[in-house]
Amino acid sequence: MKEKIEKVIKKIEDSDKIDAEQKPLIIQKIKEWKEEDEAISEIVLKLENWWLELEPIFAEMGLV
């Protein structure tokens with residue numbers, strides 16, 4: 001799971017869809033959660049919900 005979190009952080013850093021001012025805040029929060037084992041499931045849930053919102057947009061653009 002922690003490897004997946006590192007991949008998420010890398011994707012956030014590389015994303016041009018996320019506001020540059022928000023990236024450090026998002027990454028900081030993810031790193032805080034990463035330190036808490038019980039919070040990992042919370043991160044996964046939030047990212048899954050985020051993906052459910054964005055997947056149709058990516059699909060419409062032909063990226064999924």
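**Salt bridges, a core and a ring pair**

Hi everyone, there are two salt bridges in this structure. Please keep in mind that the model is predicted.

Let's start with helix H1. Asp14 and Lys10 form a salt bridge here, and their closest N and O atoms are 3.3 Å apart. Both residues belong to helix H1 and sit four residues apart, about one turn of the helix. Are these two buried or exposed? Asp14 is exposed, because its relative accessible area of 51% falls over the 50% cut-off. Lys10, at 45% relative accessibility, counts as partly exposed.

On to helix H2, where the other pair sits. Glu32 bridges to Lys29, with 3.5 Å between the closest N and O atoms. These residues are three apart in helix H2, again about one turn of the helix. Glu32 is partly exposed at 35% relative accessibility, and Lys29 is partly exposed at 38%.

Now, what makes up the largest nonpolar core? It has nine residues: Ile5, Ile9, Ile12, Ile18, Ile27, Ile30, Trp33, Ile40 and Ile43. Helix H1 (2-14), helix H2 (23-35) and helix H3 (40-60) are the elements that each give two or more residues to this core.

Last, the aromatics. How many aromatic pairs does the model have? The count comes to one. That pair is Trp51 with Phe58, at 5.6 Å centre to centre and 25° between the planes. The pair counts as stacked because 25° is under the 30 degrees cut-off.

How values were computed
Residues numbered from 1 in each chain as written. Predicted model: local features only at pLDDT ≥ 70, side-chain atom pairs only at ≥ 80, totals over all residues. Heavy atoms only, no water. Phe/Tyr/Trp six-rings, centres within 6.5 Å; stacked < 30°, edge-to-face > 60°. Core = buried A, V, L, I, M, F, W, Y, C linked by side-chain atoms within 4.5 Å. Buried < 20%, exposed > 50% of the residue type's maximum accessible area, 1.4 Å probe, protein only. Salt bridge = Lys/Arg side-chain N within 4 Å of Asp/Glu carboxyl O.
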